Amino acid sequence: MVTTSTGDQISVPIRNTWSRTFMCLTKRNAVTPPSTMDKMNMALAGLEEQTITFTKSGNSDHVHQKILQAFPMLAEVGGYEILRTGERSSRQLMVISIPPVGYTVLYLKSTIASAKGYIRPLQRDIVLKPVALTDPAQSQISMSPKVACVNCHQDIAMDTMRAHLEICGGGSSRDYDEITVTSIGDCEDLESDEINLETGALSQLQTIFSNLPPEEVRQAMENADGCIEAATATLLGESDDDLIMSISGIASATTTSKDSAESQEGTEELKRDILGYYKDKTCKLTAKPRVRFEGEEGVGSGPIREFFLCAMKLVHEGIGGTGKPILFFEGEEDHKLPTHDQSARSTGAFKAIGRIIGHSVLHWGPLLYGLSPVVKRYWTASASDGCDGSGAETILSSITLEDIPDIDLRGYISQLEDVAPDVRIPEQLKEDLTPYVFESGLDIDLLHSDRKLIAQGLMMYQVIDKRKQELDDILKGMNEVQLHSFLACCTVDVLESIFPTWEKQFNTFDEVKSVSVFEETEGHENTISFWFQYLSDLAKYESGKPTLTDMCCFWTATNILPPRSCSLQVKFDYGTGKLPYAETCFYSLTLPTMHKTYEMFKKYMDIVMLHGSLGIDHS
């Protein structure tokens, strides 16, 4: 029983269990986590991640039985060792030594802590017998042209043809002439072959630039050959000549800016690479980007969307490492504020964050969700007439207790507001508030004479004044694409579309269904039924399971649905492929049709959503 502050006694259940996620490795000498493709092969063989729940007082026999229940194949390999992830910047796994009494729950809890556990065989490798992923149509990684194998006549991606020839049993190909295939080229070129001013895209652009004459917006679209991104850059103040000059300045040998994201192993290294790119003051953000991820075959608009997805993950999540994580925003959902970090600000990090936000908005990438309304008011007020006079009063009136990231201070201010005017402030409350009052530069005597002013002053300092330099740095970064200037003249609806609330990032079943277009439906009724049922399951957003966001990332290489003028294409695999595959540049998803039950369809869809929703290996 626990006694609350009101004197009530409530019963609080005490958990007597400890749970941790483990992954079973297949090699007895493995020292790194498996790659994405290894995870897929393991999942196909039934060797997936397992969450094991132990009794807290469990001895080594209890641990042994639980591990064998989760991974029965370990009973045949002569024992096992347990490893855990190491330092954030290293992929090397750490071996947890086996004590004389064996692995007990208490020992594992103290050594693994909150890290993921790995189990590797001790004497013999685990031999997998999965369905081989030799069909390149089952992977979203290959984007090269497909040609017919002269032996078996299957369509195979050229980059995997040599490996296919080693296993193809259709006979020798030496009796055939060489086949020369001309590559299509970048998806960007395909998209701009025809000027197509779709009504939805033009209408959306006219809504955003409602302060401009409609004919000017249409002319910008025509001059940009129907490219929304280039038209937006023109309407934001960049002429076509400026765009071409700036492009040539970035990559003198080409006529398009080339943003190369050199992805090293691990998410944090990639985030640092991206942050370093945006700290470079010479990069021209209004130039049309072309992104290439090293080690991946994708080109065109798909990698661009994936790049912005990774960049905005940096904004939302910050950067981890061996030391203290670097966070750029803090606070509750829909009350997020820039963190106050002088060391990060001195390196230009917050200006880089502003560039990322503006760059992503300019090129229709992911958005910044969950921002506090106070921050939006501050940015729009400073863009129009500064934050003096009525602007400051408007900002102050919009601040709520939820905007204060410091939970303790929230409670102190709430207690202060509850004290009657004719009642003296309790000494403990005064002692708790004193450090905050001094930090804010307020007069401590006001605690007795003007408590309302103290409360307002504390809230204004903690939410705006304390982090004003970070707010202004982000503004400077955003204004490199004229986003800050644009905020001064945009309507409330447009402002909310640029900085949406937290819940807006979660796609719904109806939204995905409304933009999905089937290539054909006849003869695929079962697969279509499975597909809608699977979307319904994904829409539940259950913890630890695939979600509609994962599906959207796999399908389009970003976490948002395409503009209203675009649709998501659903095709069907007529072969024996068990897995779906996506062509992100074209918003195209191909579903397997061989599954006879929804359970099997869901199993293989889950494998791809869990391990392949991002093209970069984040093991």
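**Helix packing and strand pairing in the predicted model**

T527 lies in helix 24, which spans residues 525–538; helices here are DSSP runs of H or I with at least four residues, strands are E runs of at least two, and both are numbered from the N terminus. The model is a predicted one, in which local features need pLDDT of at least 70 and side-chain atom pairs count only at pLDDT 80 or more, while totals for chains, interfaces and linings use all residues. Residues are numbered from 1 along each chain as its sequence is written, and side-chain values use heavy atoms, with hydrogens and water left out.

Back to T527: with a relative accessible area of 5%, T527 is buried (under 20% relative accessible area; exposed is over 50%, partly exposed in between, with a 1.4 Å probe and protein chains only). Leaving aside residues up to four places away in sequence, T527 touches F572, L591, P592, T593 and F601, where contact means heavy atoms within 4.5 Å.

An open sheet of four strands runs in the order 14-15-17-16, with mixed pairing; two strands pair if DSSP finds at least two bridges between them. Its edges are strand 14 (516–518) and strand 16 (581–583), each pairing on one side only. Strand 15 (residues 568–573) and strand 17 (residues 588–592) run parallel and are joined by five bridges, with Q569 partnered by S588 of strand 17.

Strand 7 (residues 117–121) is mostly covered, five of its five residues being buried. G117, I119 and P121 sit on one side, Y118 and R120 on the other, and both faces are covered. Strand 7 pairs with strand 3 (residues 17–24) in the parallel sense over three bridges, and M23 stands opposite Y118. With strand 5 (residues 80–85), strand 7 runs antiparallel, joined by five bridges; here I82 has I119 as its bridge partner.

As for helices, the axes of helix 13 (residues 349–362) and helix 20 (residues 468–478) come within 6 Å and cross at roughly 45°. That makes helix 13 oblique to helix 20 (under 35 degrees is roughly parallel, over 145 roughly antiparallel, 65 to 115 roughly perpendicular, and the rest oblique). Helix 13 contributes F350, K351, G354, R355, I357 and G358 to the contact, and helix 20 contributes E470, D473, I474, K476, G477 and M478. By class, that contact has four nonpolar, three polar and five charged residues, with Gly counted as polar.

Methods
Axes are lines fitted to C-alpha atoms, for helices over the stretch in contact, and angles run from 0 to 180 degrees between N-to-C directions.
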